[in-house]
Amino acid sequence: GEQSKTLPVYQRMADEILSARPDRHAAIVALGGGVVGDIAGFAAATVLRGLPFIQMPTTLLAQVDSAVGGKVGINTAQGKNLLGAFYPPAAVFIDTEFLATLPPREIRAGYAEIVKTALAYDADFFSWLEKNGQDVLGHKPSALSHAILNSCRIKSAIVSEDPFETTGLRAILNLGHTFGHALESLGGYDGRLLHGEAVAIGLGWAARFSRAHGNLSAADGERVLRHLKDCGLMQRPPFDWSVDDMLASMRGDKKNAPDKLRLIVLDAPGRAHLEDSVDLKTLSAFLLSMKGQSHE
């Protein structure tokens, strides 16, 4: 679980790896979900200054997103993944039969990352999801494989072009994540809000913010919100939160410059951009409107 992505757990892992006296040809294999991949990858990136690393993701979220991008890390009290590295795996092996063991909640959480990838970069993929999303969620093999493979192709192409997130291209993959990461942090990573559920909420909020500020048409905004709702994705956090706490958490996001709050804004399904300086008063008013919806 997300609560295990901590320095004490990392320390224990590193000590156990080093007690086996490995050389630099010893490989770390991450068999599990996104949390396992993140912390195992962070250990691989740092023990002996780098060991080979193989991802074997067993959740939908890890298969379509976290196992592919080469970002590894752990959480701190100040926020999510603030200690980490860019450390691509030597290989990624995906077996969709693992997904048959997952509860529907985990599948929906992973599906949110598929929707994010489509919304950020591929309009045709999003249109396909509108028609086939229920088949993906229902484990129809052909639909599931298509969604996973397409997500991996898109993400791997972007990561190859911008491996260290310096050009802004890769940052767009964080659509919905600035809101989502802040909500995860406020929830204390206690299991009430899975990462994919936070992303789903963040996608809805990003669509609403983009529509309210003239970037996204009302029709396209409605398409996005309708698809999220039709697929049963979470639309509001399962706990109370304050606007001030959200703003404080969002300002700690890794994408921000010292004097700016950056946000990925949706222009249309398949097209998004990094808004370099979001006015805090505007954002505060928007969050207040979202808080009002949470109490409806």
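Reply: A residue is called buried here when its relative accessible area is under 20%. The model is predicted.

Me: Which residues of helix 2 are buried?
Reply: Helix 2 covers residues 34–46. Because 11 of its 13 residues are buried, helix 2 is largely enclosed by the rest of the structure. The buried residues are G34, V35, G37, D38, I39, A40, G41, F42, A43, A44 and A45.

Me: How far apart are the end C-alpha atoms of helix 2?
Reply: At 1.5 Å a residue, the 13 residues should span 18 Å.

Me: At what angle do helix 7 and helix 10 pack?
Reply: Helix 7 spans residues 177–187 and helix 10 spans residues 243–251. Their crossing is right-handed. On the helix 7 side the contact includes F179 and L183, and on the helix 10 side it includes M246 and M250. The axes lie 9 Å apart, at an angle of about 115°.

Me: Is F179 buried or exposed?
Reply: The relative accessibility of F179 is 1%. The cut-off for burial is under 20%, so F179 counts as buried.

Me: What kind of pair do the rings of F179 and F286 form?
Reply: F179 in helix 7 and F286 in helix 11 are 107 residues apart in the chain. Their ring centres are 5.9 Å apart. The planes stand at 40°, so the pair is tilted.

How values were computed: Residues numbered from 1 in each chain as written. Predicted model: local features only at pLDDT ≥ 70, side-chain atom pairs only at ≥ 80, totals over all residues. Heavy atoms only, no water. Helix = DSSP H or I, 4+ residues; strand = E, 2+ residues; numbered from the N terminus. Expected span 1.5 Å × (residues − 1). Buried < 20%, exposed > 50% of the residue type's maximum accessible area, 1.4 Å probe, protein only. Axes fitted to C-alpha atoms, helices over the stretch in contact; angles between N-to-C directions. Left-handed = near helix turned anticlockwise from the far one by under 90°. Contact = heavy atoms within 4.5 Å. Phe/Tyr/Trp six-rings, centres within 6.5 Å; stacked < 30°, edge-to-face > 60°.
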